[in-house]
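Morning, everyone. I have one model to show, and I'll keep it short.

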Amino acid sequence: MFGSYFCGLWNKKGNANGQNSGAKPEEKPIPVPETDDDGRGEVKTEETAIPIQATDDDSREKAFDPGVPKYSFEELAKATGDFSNNNRVGQGGSGQVYKGTLPNGKQVAVKRLKHHSDPEIEQMAQLHFEDEVKTIGRIRHRNIVEIVGYCSEKADRLLVYEFVSNNSLKSHLYVGRRQQETVSVPIDWPTRMKIALDTAKGLAYLHEDCTPRIIHRNIKSENILIDDKFNPKIGDFGISKDFTDSATPVSTDPRGTPYVPPEYYNKDGQNRKLTDKSDVFSFGLVLLELITGKLAVFEKQRKEYIRLAIWAMPLVKQILDADNQDLDSENCKDLFDSKLQNNYEKDDMIRMIYCVVACVYKPVKLRPQMSQIVEVLKGNMEPKTIWVRSDCKYLYEGSPYAPLPQAHGTSSDSCALSNT
């Protein structure tokens, strides 16, 4: 996957510090703007004029000015110990990621992208590389991974990110048989709420406050990185796109299945579109993972896999169908992550359930904006502003992927969820 920050699962190795002896090149300064209470702040860079007759590689490189420092291959080789296997922290289809240390002591993650022998694939990879550098290079938000610099020398393409040391959200939520010895204490409920809210803030910034606004198009728990204080940071901007209006769709070949929204799976493959509401759907699945502790597609029984949204629908519907639902009742327990051991704040859980159903089960045009999700999670907005009684008609067998059955109509109007 082009542009994936950690190229898949984070695989920690050794006691590597990524340092290397020898001459230390001077590090280029990085602008650090002020941020407001939501962590917002944007670096403004001057646009570089593109020569009309830019045909050779030198002209193209001059035209490519992402506004972040450029490093030489030699500098990054020294920072990572000549890309030592001891410093390798991740790998995937697009390349490998190494932990490195810059001359000033700053730890970074250096992603070394693969070179492709096929010219067309190589050209596409270069475009994805440039898109990611330009996109994330102008973003400054505490909940979005910061790009420190890049390197583009002939066949070598490297991205330099801040080092986010505590793996991904996926690694903390799901403990598989091979992870039992590497993942210790499961994250508690207050931490899950913090991750949900701060990730929502980052997405709201991209959709509504960034200029130009950005569709991420690859939101999933694997791309939400966690620092030592359990602050989430959204990564992987390799397939993100600018958009000038949330109503303007962007054609795409999306990655990250099963987080791809149901509107992508239509009969006419030529008309597949993703918008900012596609990110909203994917974020709703992440919330459902936080509630259940299960992956977006998980093994229900041995070698029998099911989509989390389909599995959770009847359980969510049971909760929504009660006027005064007791979340401690037996019919609720299957929905909640057993690792929580029923230790959660009920009002928080109710708000998160509302956000899940509004993001995941509503039709694309009716999904809320991320700024609304932020306010509901904060407790500043009534959950019923994003999900009303009549919306329960969207909870049916096969939802959200199967078409809405005509017979259902508004027959499930009895649905309600107590705010107490």
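Ground rules. This is a predicted model: local features need pLDDT of at least 70, side-chain atom pairs count only at pLDDT 80 or more, and totals for chains, interfaces and linings use all residues. Residues are numbered from 1 along each chain as its sequence is written, and side-chain values use heavy atoms, with hydrogens and water left out.

The chain has 10 helices and 15 strands. Those are DSSP runs numbered from the N terminus: helices are H or I with at least four residues, strands are E with at least two. Of the 420 residues, 52% count as buried, meaning under 20% relative accessible area with a 1.4 Å probe, protein chains only.

Contacts next: heavy atoms within 4.5 Å. Take those between residues at least 6 apart in sequence; 69% join residues at least 24 apart.

Now the sheet. What is the strand order in this open sheet of 5 strands? It is S2-S3-S4-S7-S6, with antiparallel pairing. Pairing requires at least two DSSP bridges between two strands. S2 (88-91) and S6 (147-153) are the edge strands, each pairing on one side only. Neighbouring strands are turned by 20 degrees on average, direction ignored. The axes are lines fitted to C-alpha atoms, for helices over the stretch in contact, and angles run from 0 to 180 degrees between N-to-C directions.

Look at S4 (107-113) and S7 (156-162): 5 bridges join them. Alanine 109 stands opposite tyrosine 161 in S7. Helix H3 (119-137) packs on this sheet, touching S4, S6 and S7. The direction of H3 makes about 25 degrees with that of S7.

Definitions and conventions:
Buried means under 20% relative accessible area, exposed over 50%, partly exposed in between (1.4 Å probe, protein chains only).
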